[in-house]
Amino acid sequence: MRKRRKIITVSTAVAAAATLPLLMSPVVSAAVLEDDDESSRMTRLYAPPPDRDSYRQVARLAWRGDFRDSAGLLSMVRTPQAVWYGDETPEQVERLVRRTTRSADWQGRLPVLALYNVPGRDCGSYSSGGADSLAEYEAWIDAVAAGIGDREVLIILEPDSLALLPSDCADASNAAQTAVEQQTVIEEQTTADGQTTADEQTAADGQSAADGQPAADGQPAAQEQPAAEESPTELPPLPDPGASTAPPTGSAAPGTGQEAAQTPGQQLPDALPAASETPAPQPPEVQEPAALEPSASQTPAPEPSTEQPGTLPELPPLPTPDPVTPEAGNSVDPDGLDTPVVEDPETAARYSEINYAVDVLTALGQTSVYLDAGHAGWHSVSSIVPRLIKAGIDRATGFALNVSHYQTDPDSTWYGRLISSCLAYADEGGDPEKCADQSWSRRHARRWLRAHAPDDPAGMKHYVTDTSRNGQGPWTPRDRHIDAQSWCNPPGRGLGRRPTTHTGDALMDAALWVKTPGESDGRCLRGTDGPLDPVRGTVNPEAGEWFPDQALELVRYADPAVKVFRRTAGR
């Protein structure tokens with residue numbers, strides 16, 4: 001009797017698992033139809049075939065009788081999202097791209113392609129790889145273009161390629177050591193200054209006070225930041241930690257390592273609230289700082305030199321030109337500038353690669369190309385805008401934000417508006433160093449926008465955002481003593497806004513699921529010898545492989561929640 005009952009139970013589970021896609025099709029269709037009703041009156045987005053491992057997980061959940069999670073997971077993997085290409089040979093990628101774009105064309109939907117094959121990608125971290133040379137990359141891009149043909153396609157071009165340049169790689173992998181070395185230099189300088197005679201020191205202090213400059217005692221420029229908060233005269237690319245409003249960082253592109261984007265100073269609740277209890281994002285004036293890494297592209301704006309006394313005795317109502325402006329080709333100021341001006345060969349090649357891709361892909365006619373612009377918790381506006389300009393943003397459709405990361409929609413929207421406005425300002429001859437920044441108070445930033453941003457959004461660069469995993473916002477670990485790698489498979493995250501091209505924002509072309517939800521970012525050793533992820537206590541899958549635990553978290557903590565029930569008739 002017991003054996004017969006077991007056979008019946010197993011048979012029922014197998015039948016349920018086998019027929020689940022058919023049983024759930026009304027649910028999934030309802031979910032997709034709802035997104036279409038809300039967002040795809042203009043453009044319907046393409047949903048690629050799901051990962052086979054995701055269907056295996058759906059079947060396992062149904063086998064256990066967990067039909068709600070099974071239905072939610074199935075709905076997630078059937079939602080429109082990007083198709084990633086990288087590491088294929090030119091012949092392979094041409095065939096695969098042609099197959100995808102033809103399938104989308106037959107369905108009357110717009111495919112989103114994430115191209116991820118730039119040489120030296122991810123600074124050799126979890127998602128290292130890419131083409132071996134510029135020539136190999138150009139051949140690969142040519143093959144992608146051949147596969148697209150004259151079909152309509154939206155392209156996310158090389159996530160992290162501009163926010164994580166080769167020149168940033170040393171800072172990304174040695175951020176902690178860099179910080180220690182800088183602190184040592186400051187202490188040594190302070191000691192050396194302390195050896196001056198009392199008369200010399202007094203004279204220096206008196207001159208500094210008269211000039212409005214800090215005393216020559218090795219004090220960092222950030223000590224002067226509170227004055228800039230009243231009414232900024234110059235853009236503070238890396239504000240004082242006490243005054244910054246930039247949010248913390250999230251995750252990287254499929255496994256992309258972004259240690260340089262860490263923001264350990266951000267405080268978030270240890271326990272994950274329910275989707276309905278998730279606190280609304282704080283206004284920038286009260287948010288805690290985002291501790292950007294001390295790379296040359298992210299360091300504080302230089303204080304006026306002692307050779308120019310009285311440069312900033314008082315701050316005017318609106319930003320005015322910085323009296324000390326570095327020009328392209330000059331060496332980096334010892335105090336640090338926001339954007340590197342001396343390029344190594346690998347960084348110069350990176351710009352050549354992105355420019356080539358922009359020219360080839362935009363020449364197809366129906367291809368929209370969006371360049372990488374990182375996210376709001378990573379680079380200042382004055383840091384990322386020059387990179388976009390060098391990479392050919394003038395010929396591209398726009399830029400992409402938050403790819404594979406966790407920044408909230410309000411933060412990404414505000415950051416995107418500032419970048420777009422700064423690009424327009426620079427296009428008219430303005431200096432990006434003078435642009436409003438996400439670290440500014442909203443009041444001062446809006447005054448800058450009223451004074452300098454174009455009135456017509458049609459003449460500005462547009463952007464798209466990745467909302468695939470930002471439903472719960474960024475993650476901050478409880479243990480401050482580990483290498484958090486908060487971008488790498490953070491726990492308790494959820495799906496964000498569903499893909500849509502009807503955003504309600506004149507500058508925002510689409511909210512997309514660029515990162516494939518449910519795929520791992522990498523092993524996430526977080527500074528340990530491994531193999532366990534010390535936060536999760538498990539061995540995470542390799543970058544790009546299906547991660548069942550994370551996939552379930554994304555469904556359970558989604559905000560807005562995943563709807564697994566069919567809508568009532570007539571709606």
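User: Before we look at any charged pairs here, what counts as a salt bridge?

Analyst: A salt bridge is a side-chain nitrogen of Lys or Arg within 4 Å of a carboxyl oxygen of Asp or Glu. Keep in mind that this is a predicted model. Take aspartate 533 and arginine 526: they form a salt bridge, with the closest N and O atoms 2.7 Å apart.

User: Are those two partners buried or exposed?

Analyst: Buried means under 20% relative accessible area. Aspartate 533 comes out at 0%, so buried, and arginine 526 is buried too, at 1%.

User: How many salt bridges does that rule give?

Analyst: The count comes to 14. One of them joins the side chains of aspartate 69 and arginine 556, at 2.7 Å from N to O. Aspartate 69 belongs to helix H3 (residues 67-77) and arginine 556 to helix H14 (residues 548-556), so this pair ties together parts that are 487 residues apart in sequence.

User: Which buried glutamate has no salt bridge?

Analyst: That's glutamate 88, and the nearest side chain of opposite charge, arginine 121, is 7.4 Å away. Glutamate 88 itself lies in the loop between strand S1 (83-85) and helix H4 (90-107). Leaving aside residues up to four places away in sequence, glutamate 88 touches Val93, Leu96 and Trp140.

User: Now strands. How do I read the two faces of one?

Analyst: In a regular strand, side chains alternate between the two faces of the sheet.

User: Which strands pair with S6?

Analyst: Strand S5 (residues 398-401) pairs with S6 in the parallel sense over four bridges; alanine 400, for instance, has valine 464 as its bridge partner in S6. S6 also pairs with strand S7 (residues 508-512), again parallel and over four bridges. There, tyrosine 463 has methionine 508 as its bridge partner.

User: Can we do a helix the same way? What does H11 pack against?

Analyst: Start with burial: in helix H11 (residues 381-390), eight of the 10 residues are buried, among them Val381, Ile384, Arg387 and Leu388. The buried residues pack against helix H10 (345-362), strand S4 (367-372), S5 and helix H12 (409-427). Just after H11, check the backbone too: glycine 392 takes a positive phi of about 95°.

User: Last one: where does UniProt place the "active site" feature?

Analyst: The UniProt entry, which is unreviewed, puts it at Asp160. To place that residue in the fold, find the loop between strand S3 (153-157) and helix H6 (169-173). At 6% relative accessibility, aspartate 160 counts as buried.

Methods. Residues are numbered from 1 along each chain as its sequence is written. This is a predicted model: local features need pLDDT of at least 70, side-chain atom pairs count only at pLDDT 80 or more; totals for chains, interfaces and linings use all residues. Side-chain values use heavy atoms; hydrogens and water are left out. UniProt positions are given in the numbering used here, feature names are shortened, and annotations may be inferred rather than shown by experiment. Helices (H or I, at least four residues) and strands (E, at least two) are DSSP runs, numbered from the N terminus. Buried means under 20% relative accessible area, exposed over 50%, partly exposed in between (1.4 Å probe, protein chains only). Two strands pair if DSSP finds at least two bridges between them. Lys and Arg count as positive and Asp and Glu as negative; His and the chain ends are not counted. Contact means heavy atoms within 4.5 Å.
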